[in-house]
Amino acid sequence: VQLQASGGGLVRAGGSLELSCEASGNIVSVRGMGWYRQAPGKQREVVASFSGGSTNYGDSVKGRFTISRDSTKNTVYLHMNSLKPEDTGVYYCKAVGLLGSFWGQGTLVTVSS
């Protein structure tokens, strides 16, 4: 499974940004997808994810971020609203399934105050 993430950039606090992650390869083996982020000097943390029929969000993004998917495009999106400087980091797309776990290359999101 290959993952191609895009959509990162520089945005002011309070602004919005949308990330995309397109999956290719053995997609039928995928059972869940999600977004993670890693801020400078911090560990990677979950932002939002699909698993089975459930959707989960990290506590710090609840109410501000929304994960969605378009199965026809094999793409997962992360809609980010009310961005804060602490949302700054490299955002990674992850897929898990029968063949293991796969990571995208990461896309940088920078939120200025």
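How much space lies in the second largest pocket? It is about 160 Å³, where a pocket is an open set of points on a 1 Å grid over the protein atoms alone, at which a 1.4 Å probe fits, with protein on both sides within 12 Å along at least five of seven lines, and the volume is the space filled by probe spheres set on the points, joined across faces, edges and corners. Please keep in mind that this is a predicted model, in which local features need pLDDT of at least 70 and side-chain atom pairs count only at pLDDT 80 or more, while totals for chains, interfaces and linings use all residues. Residues are numbered from 1 along each chain as its sequence is written, and side-chain values use heavy atoms, with hydrogens and water left out.

The lining, meaning residues with an atom within 4 Å of a point, includes Arg37, Lys42, Glu86 and Asp87 in this second pocket, and its residues divide into two nonpolar, three polar and six charged.

Turning to the largest pocket, we find about 240 Å³ of space, and among its 14 lining residues the closest to the centre are Val30, Met33, Arg69, Ser71 and Val76.

Note on methods
Ala, Val, Leu, Ile, Met, Phe, Trp, Tyr, Cys and Pro count as nonpolar, Asp, Glu, Lys and Arg as charged, and the others, Gly among them, as polar.
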